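This report sets out, element by element, what can be read from the coordinates of one protein model. The sequence and structure are shown first, and the findings follow.

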Amino acid sequence: MRKIVIIYITLCVSLGGLCSQNKTIKGRVIDNYLETLPYVTILINDTIVVGRTDLNGFFQISIPVFEKNILFRDIGIELTSIELADECNEVEVVMMLDGTYDFMSFKKIDKLRMKEFEKLPEIHKKAFDKGIFKTDNACYTQAFIPLYKKTQK
């Protein structure tokens, strides 16, 4: 009986270690004018806060290995959603400033926002050239979050 209890405890501890594996992601967050963004909130699963950037826009977070989507949120900045590649441990993000669009439809606003969104890879490369980022290409894919969604009739 004693051997069974010891085996059971050993199995529980070893399997518990497998389920709680985390990976460390570090990086930097800037805006589309190459200015650092301090105190940006970093989330997973849309609600779980895993960290914040420091005063210079740097961060280091620990997330579960299976987690692929990360959200970056701040006041005056558009919500940024990225999907990590499997081997991605260094994340350098360019976030767009949030604008005010008066007397325009959501469709028109999304068209203007998409135009700015398409410039983000070019801004990332410019940040690398100026020494702000360490890599010239992002190891993640960034999703555009539209305001206007077509409804099916």
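## Basis of the model

The model is predicted; local features need pLDDT of at least 70 and side-chain atom pairs count only at pLDDT 80 or more, while totals for chains, interfaces and linings use all residues. Residues are numbered from 1 along each chain as its sequence is written, and side-chain values use heavy atoms, with hydrogens and water left out.

Helices (H or I, at least four residues) and strands (E, at least two) are DSSP runs, numbered from the N terminus. A residue is called buried under 20% relative accessible area, exposed over 50% and partly exposed in between, with a 1.4 Å probe and protein chains only.

## The open sheet

Three strands form an open sheet: it has 3 strands in the order β4-β1-β7, and the pairing is mixed. Two strands are taken to pair if DSSP finds at least two bridges between them. β4 (58–64) and β7 stand at the edges with a single partner strand each, so one side of each has no neighbour in the sheet. On average, neighbouring strands of this sheet are turned by 35° against each other, direction ignored; axes here are lines fitted to C-alpha atoms, for helices over the stretch in contact, and angles run from 0 to 180 degrees between N-to-C directions.

β1 pairs with β4 in the antiparallel sense over 7 bridges, whereas β1 and β7 run parallel and are joined by 6 bridges. Lys 26 stands opposite Gln 60 in β4 and opposite Glu 90 in β7. Val 29 has Val 93 in β7 as its bridge partner. Of the 10 residues of β1, 7 are buried, so this strand is largely enclosed by the rest of the structure.

## The β2–β3 hairpin

Strand β2 (residues 41–44) and strand β3 (residues 48–52) run antiparallel and are joined by 4 bridges. Leu 43 has Val 49 in β3 as its bridge partner. The two strands, β2 and β3, form a hairpin with 3 residues between them, and Asn 45 in the turn has a positive phi of about 55°.

## Helix α2

Helix α2 (residues 106–117) has 12 residues, which at 1.5 Å a residue should span 16 Å; its end C-alpha atoms are 16 Å apart, in agreement. The expected span is 1.5 Å times one less than the number of residues.

The buried residues in α2 are Ile 109, Asp 110, Arg 113 and Phe 117. Seen down the axis of α2, its buried residues fall within an arc of 100°, so they line one face of the helix. The arc is that of the directions from the helix axis to the C-beta atoms. Lys 107, Lys 111 and Lys 115 are exposed on the other side of α2. The cover over the buried residues of α2 includes β6 (77–84), α3 (120–129) and β8 (140–143), where contact means heavy atoms within 4.5 Å.

## Helix α3

Leu 120, Ile 123, His 124 and Ala 127 are buried in α3. Viewed down the axis of α3, its buried residues fall within an arc of 105°, so they too line one face of the helix. They pack against β1 (22–31), β7, α2 and β8.

The face of α3 turned away from its buried side carries Pro 121, Glu 122 and Asp 129, which are exposed. Gly 131, with a positive phi near 85°, follows α3.

## The disulfide

The structure holds 1 disulfide, defined as a pair of cysteine sulfur atoms within 2.5 Å. It joins Cys 88 to Cys 139, with an S to S distance of 1.8 Å. Cys 88 lies in the loop between β6 and β7 (90–95), and Cys 139 in the loop between α3 and β8, so the pair ties together parts that are 51 residues apart in sequence.

Cys 88 counts as buried at 1% relative accessibility, while Cys 139 counts as partly exposed at 26%.

Lys 68 is located in the loop between β4 and β5 (69–74). At 28% relative accessibility, Lys 68 counts as partly exposed.

Leaving aside residues up to four places away in sequence, Lys 68 touches Ile 82, Glu 83, Leu 84 and Asp 86. Lys 68 and Asn 45 are 23 residues apart in sequence, and their C-alpha atoms are 9.6 Å apart in space.
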